[in-house]
Amino acid sequence: TTKIPSTDGQMSINKIKFDPAKLLGRGCDGTFVYKGTYEGRDVAVKRLLIDCFTLADREVKVLRESDNHENIIRYFCTEFDRQFCYIAVELCQCTLHDYVVDEKFTHLKEILRPKEILYQATRGLSHLHQLNVIHRDMKPQNILVTLPDTRGVVKAMISDFGLCKKVEKGNVSMTNRVGTDVSF
């Protein structure tokens, strides 16, 4: 697969297109998220270094298994080039962190109340646990608020499955610590 730059600044990797100037967010280890399209649909395009293939592969496996739940981010496709892995997922309007601290998202609090966000995120997490998946990086930046659907409904969704772990049934303990270190 090859990247094809277009005259409008968009990059094309097979069916995924994105504009490197439309950065939505950054993760660790050189991960970037851009606004893009997949088969004409607006999406978020997560770009990971090819060296992080194990993380990308784990994330895609969990997404494929779990994204049929309304509170789990929807997965569309994965593409590769020589340097990067590109994962196309549902485009959302903000993170829970943005919802809380950014005044431009204040209007969402009338559409999606904080208690409803907590309820929906818990439902998504419960779905993962029913699939024996432990997220291991739950934080406000990994709970997303969707764009309104055709009926104007906005939902909370769990995202970012790069650190998740599938456990065997009956295994109730995890000994290795992972996730994002947070200072208060």
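Predicted model: local features only at pLDDT ≥ 70, side-chain atom pairs only at ≥ 80, totals over all residues.
**Helix α1**

Helix α1 runs over residues 53-66 and has 14 residues. From its first C-alpha to its last it reaches 20 Å, close to the 20 Å expected at 1.5 Å a residue. Its buried residues are A56, E59, V60, V62, L63 and S66. They cover an arc of only 165° around the axis, which puts them on the same side of α1. An α-helix has 3.6 residues a turn, so residues three or four places apart point the same way.

What do the buried residues of α1 pack against? Their partners are β5 (41-49), β6 (75-80), β7 (84-90), α4 (114-130) and β9 (133-134). The face turned away from the buried side carries the exposed residues T54, K61 and R64.

**Cysteines**

The structure holds 0 disulfides. Take C92: the closest cysteine sulfur to its own is in C94, 8.5 Å away. Two cysteines are buried, as the table shows.

| Cysteine | Relative accessible area |
|---|---|
| C85 | 0% |
| C92 | 16% |

**The largest pocket**

About 850 Å³ of space lies in the largest pocket. Its lining has 32 residues. Which of them lie nearest its centre? They are R26, V33, Q141, N142 and D160. The elements that give two or more residues to this lining are β3 (16-26), β5, α1, β7 and β8 (92-95). The largest share, 4 residues, comes from β8.

Notes
Residues numbered from 1 in each chain as written. Heavy atoms only, no water. Expected span 1.5 Å × (residues − 1). Buried < 20%, exposed > 50% of the residue type's maximum accessible area, 1.4 Å probe, protein only. Arc of directions from axis to C-beta. Contact = heavy atoms within 4.5 Å. Disulfide = S-S within 2.5 Å. 1 Å grid on protein atoms, 1.4 Å probe; cavity = no way out; pocket = protein on both sides within 12 Å on 5 of 7 lines; lining within 4 Å. Points joined across faces, edges and corners; volume = space filled by probe spheres on them.
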